[in-house]
Amino acid sequence: MLGLIVVTAMVFLTIFARPVEIAGITVQPIALAPNDPQNILYLQDPSVGRYDPPSLNHPMGTDASGRDMLSRVMVGGRASISIGFVVVFLTGGFGLVYGAISGYYGGWVDEVMMRVVDTVFAFPALVLALVIIAVLGSGYWSLVAAFVFPGWAGYARLIRGEILSVKENEYVTAAQALGARDRSVIFRHVVPNAIAPLIVQASLSIGTVVIGVAALGFLGLGFPPGTPEWGTMLDATRETIIQGPGGSIPWWATVFPGGAIFIFVMAMNMIGDGVNDALDAQSNVDVGQGGAN
Amino acid sequence: MALLEVEDLTVNFYTEEGVVTACDDLSYTIERGEKFGVVGESGAGKSVTAMSLMRLIEEPGQIESGEIRFKGENILEMSEEEVRSIRGNEIAMIFQDAQTALNPVYTVGEQISEAIRHHLGYDEDDARDRTIRLLDQVGIPEAETRYSDYPHEFSGGMQQRAVIAMALSCDPDLLIADEPTTALDVTIEAKILDQIEDLAEEFDTSIQLITHDLGVIAQICDRVMVMYAGKPVEKAPVEELYYDPKHPYTVGLMSSIPRIGDTRDRLQTIPDTMPDLVDVPTGCSFHPRCPYAEEACTRKEPVLVDPETGHEAGSAPGDHAAACLEYTGDLTGGLDYTVEVQGEDPRAQLGDQRE
């Protein structure tokens, strides 16, 4: 429950942080964030410097270019969180259909389809993501692609296993015996009974994808430098962690974006665990993902 | 023309241990409005026969040869589309385990009306009305409110009734009941059997009743086929089968029915179990368990013959046929058993225990 509140609050904050424009039309006019995340403040207000510590005007301080950290953290959630949801939606959807077909038909169809899944599994996911970004260039949709491509296989395998056991139920034969088409047998009778572990897995994966996006951002891939995005922000302030003698570490530059990632992922995992308990889907989910309830 | 004619049906399952012949050269016919019983132990191929009629045999099973003519058309040669329009609509099935035959994520009413919408093209409201009427007919109280209940909110007997309603939803011409009452207690069983019988009469439906319970057969059926290891060993009108069983296996099955007032200490059983169908005994597949087996039985495979004449049995509905070498004159010792009829009516005698 706490997880749900935190995630909802963060999604809310990030959506209403700055106005949203689609094709030149403003669909969301509210701006909660005090500044434009791209504004270099000291150009307008000479009293603001680089790496100003947190103050009343700038509760999270400023970054290397004198931009307001609070605004950047708030807006930064947009990319991370939306990629998390989009990726999980796409991978879950594709994996569901793929695994359902494979598990339901069985035989050589299953054999071929599962070997494809094995091939995808053979690549280390992050390395594969790096390759895809290198090929497609950086940007929102290439990041999505980088996570979707290796990500669907896990869902496919999960749902296939589930369907193998569900399809043995007599109501599946009963549906066939009533003259239902394969398509309607699969998606009306088999899948609804097999989907619980997939939902649990999906809610846990959103957090994983957000971490992945941040990791790629931190490696300097993903978004162009300077974009307000949690991982990219961490990357930009990386050099501040190690200071020469006498230097002081501007902790706010790393703690706030890092903390945002931490809180979001933590809350997401708590939701996942909650969903797991609610749907009573055991076994398939990793134990010890943390989180109460 | 009979409603259903099965001719030389052979179904094989290709397993890792070898080829299992679940149905071996099986032939039978069901007339319109007739109630046909199929009896046998577990693994005799009863359910496989039923699934073949709907062409629902799954990997690694395969219908090897034969013809299944339904209203004169061969089901095995139909396109997938044509078979689908027969399933549920003209041939429907009542499943053994109602609890798993109902999908837990939909309401009972929804599951029944889905088939009605699909086959009969009813719209949402009409299908709902028809479903409620059906539920009412199979004896579910307050059908209207029960329509939107989920299967787990039904008791076992009501679930079975719902499954029957589902099978009857599109007025099928042939109803395959695969052990419809095995999971129920005897009082409910008797009620449900009565209901199936009444409904079949009302809707003018033929029934193929599959069971291992001779009492159930006695209560409902007109004709019986006894199956053993994928083969029919005896076919007869129900009264003849009970008064005058011709095959040792049938005799064995009947003598293992417990009777009220029986003074024996132990229930008589057929020794041993059904052979592994990967490796069926040579000759008559029943010979290792048959008390009258002779050397000839291990060599020669008996065919279904008329026990009176020893000639190959015809397929006329009233014929009695048994597959034992005795009737082709290959046995020297003969079959040494007598049938004692206690009471007047075998139906009453066997049916007694269930009512």
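**Ground rules.** I number residues from 1 along each chain as its sequence is written, with chains lettered from A and ligands numbered from 1 in the order in which they are written. As the model is predicted, local features need pLDDT of at least 70 and side-chain atom pairs count only at pLDDT 80 or more, while totals for chains, interfaces and linings use all residues.

**Entry 1: chain B as a whole.** I looked up the secondary structure of chain B and found 13 helices and eleven strands. Helices (H or I, at least four residues) and strands (E, at least two) are DSSP runs, numbered from the N terminus. The C-alpha atoms of chain B fill a box of roughly 70 × 50 × 40 Å along the principal axes.

I then checked burial: 45% of the 355 residues of chain B count as buried. A residue is buried if 20 or more other C-beta atoms lie within 10 Å of its own, exposed if 12 or fewer, and partly exposed in between, with C-beta atoms placed from the backbone. Two residues are in contact if their C-beta atoms, placed from the backbone, lie within 7 Å. Among contacts in chain B with a separation of 6 or more, 64% are between residues 24 or more positions apart.

**Entry 2: helix H11 of chain B.** Helix H11 (residues 248-255) of chain B is mostly covered, with six of its eight residues buried. I list them as B:Pro248, B:Tyr249, B:Thr250, B:Val251, B:Gly252 and B:Leu253. What covers these buried residues of H11(B) includes strands S3 (35-39), S9 (223-228) and S10 (231-237), and helices H9 (214-220) and H10 (238-243), of chain B.

**Entry 3: two positive phi values.** B:Ala229 has a positive phi of about 50 degrees although it is not a glycine. I found B:Ala229 in the loop between S9 and S10 of chain B. B:Ala229 counts as buried because it has 23 C-beta neighbours inside 10 Å.

Phi of B:Asp171 is also positive, near 50 degrees, in a residue other than glycine. B:Asp171 lies in the loop between helix H7 (156-168) and strand S7 (174-178) of chain B. With 13 C-beta neighbours inside 10 Å, B:Asp171 counts as partly exposed.

**Entry 4: B:Leu331.** I looked for B:Leu331 and found it in the loop between strand S11 (321-322) and helix H13 (346-351) of chain B. B:Leu331 has 18 C-beta neighbours inside 10 Å, so B:Leu331 counts as partly exposed. Leaving aside neighbours within four places in sequence, B:Leu331 is in contact with B:Glu294, B:Ala296, B:Leu325 and B:Glu326. The C-alpha atoms of B:Leu331 and B:Cys297 are separated by 8.1 Å, though the two are 34 residues apart along the chain.

**Entry 5: where the chains touch.** The contact takes 16 residues from chain A and 20 residues from chain B. On the side of chain A that touches chain B, helix H6 (170-177) and helix H7 (182-194) of chain A each supply at least two residues. The largest share of that side, six residues, comes from H6(A).
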